[in-house]
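The sequence and the coordinates come before the discussion.

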Amino acid sequence: MESRLRVGAVPYLVARPINFGLEDDGRIEYVRDVPARLIERLRRGTLDVALVSSIELFRAPGYAYLAGPVVAGQGYVASVQLFLRRPVGELRDVLLDPSSRAAQALLAITLSTREPQARLVEVDPSVDVREAAAQRDAGGWLRIGDRALVEALSDGAPPRFNPSEAWRADTGLPFVFAAWVVRPGVELTAEHLSCFRSARERGAAQLERLASEAAQAWALPLAACRKYLLEECWYDPGAQLAPALRAFRDRAAKLGLCDGALEPTPIAL
């Protein structure tokens, strides 16, 4: 019998359409955590595969990734938001949610042509980024995941700049927030790969249920939750995956945010 594959994934709604049921798969040893901590586990070798920020592919050599389902967007995505206390052009300091490296890099890229003088400051994970922005009189705060989704869809939501929407306007490409990243030295078998195919198939069949559960849990409009999962989030970019990742690498490398020479290995799923 093959050894159990050690897999990590983010605890956000956005991931459920591609990780659905993995926690119950006997072939998998499964953990949930925020992307930044999953990356630490990958680097330490305590995880074999993790659904993490795509920028990690270009920050250390030897990675591979599953060239199949990813967490991406073709424009506006409600769960990654720069909430504004002042308009873009007058931001000065912007405080960053420390959970996602891809979202931080995306914001740096999209602001570099809109407000290059903005200073991006990561807050401690124990601090609420919105409260910190008010205390420091920062121009805005970056938030990701379920909390960003709820904040954006709630009554009285602050004004916002959506970085994935800006990316699409700038590049014409989708933005890949997270991918299944395989650490160096891990050889995935056909049996391992079937785990991820099955999870995607299960998740695709549960979109309506997931939207309904989210709307009830967070007291949000069902139509907005459906729009988020069925329209804003894009899980199967196909032939657009590789060019989208390359564009992210190249633009991030120009800002010194990653290594532009790295070419991670795609694994067909």
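The model is a predicted one.

**Packing around helix α3**

The axes of α3 and helix α6 (residues 163-171) come within 9 Å of each other, crossing at roughly 55 degrees. An angle of 65 to 115 degrees would count as roughly perpendicular; α3 and α6 are therefore oblique to each other. Their crossing is left-handed. On the α3 side the contact is made by Leu106, Leu107, Ile109 and Thr110, and on the α6 side by Pro163, Ser164, Ala166, Trp167 and Asp170. Sorted by class, these residues are six nonpolar, two polar and one charged.

Helix α3 (residues 101-112) also packs with helix α10 (residues 241-254), at an angle of about 65 degrees and with the axes 10 Å apart. The pair α3 and α10 is therefore roughly perpendicular. This crossing is left-handed. Here α3 contributes Ala102, Ala105, Leu106 and Ile109, while α10 contributes Phe248, Arg251 and Ala252. The contact of α3 with α10 has six nonpolar residues, no polar ones and one charged.

The two pairs are set out below.

| Helix pair | Angle | Axis separation |
|---|---|---|
| α3 and α6 | roughly 55 degrees | within 9 Å |
| α3 and α10 | about 65 degrees | 10 Å |

In soluble globular proteins, nonpolar side chains tend to be buried together. The largest nonpolar core in this model has 88 residues, of which Leu51, Trp180, Leu188, Tyr228 and Phe248 touch the most other members. Strand β11 (residues 175-182) supplies the largest share of this core, with eight residues.

A second, separate core has ten residues, including Phe83, Val123, Val129 and Ala132.

**Glu151**

Glu151 lies in helix α5 (residues 145-153). Its relative accessibility is 10%, so Glu151 counts as buried, the cut-off being under 20%. Not counting residues up to four places away in sequence, Glu151 touches Phe83, Arg130, Trp141, Arg143, Ala157 and Pro158. One of these, Phe83, is a member of the second core. Arg136 is 15 residues from Glu151 along the chain, and their C-alpha atoms are separated by 20 Å.

How values were computed: Residues are numbered from 1 along each chain as its sequence is written. This is a predicted model: local features need pLDDT of at least 70, side-chain atom pairs count only at pLDDT 80 or more; totals for chains, interfaces and linings use all residues. Side-chain values use heavy atoms; hydrogens and water are left out. Axes are lines fitted to C-alpha atoms, for helices over the stretch in contact, and angles run from 0 to 180 degrees between N-to-C directions. Helices (H or I, at least four residues) and strands (E, at least two) are DSSP runs, numbered from the N terminus. Angles under 35 degrees count as roughly parallel, over 145 as roughly antiparallel, 65 to 115 as roughly perpendicular and the rest as oblique. A crossing is left-handed if the near helix is turned anticlockwise from the far one by less than a right angle, and right-handed if clockwise. Contact means heavy atoms within 4.5 Å. Ala, Val, Leu, Ile, Met, Phe, Trp, Tyr, Cys and Pro count as nonpolar, Asp, Glu, Lys and Arg as charged, and the others, Gly among them, as polar. Buried means under 20% relative accessible area, exposed over 50%, partly exposed in between (1.4 Å probe, protein chains only). A nonpolar core is a set of buried Ala, Val, Leu, Ile, Met, Phe, Trp, Tyr and Cys residues joined through side-chain atoms within 4.5 Å.
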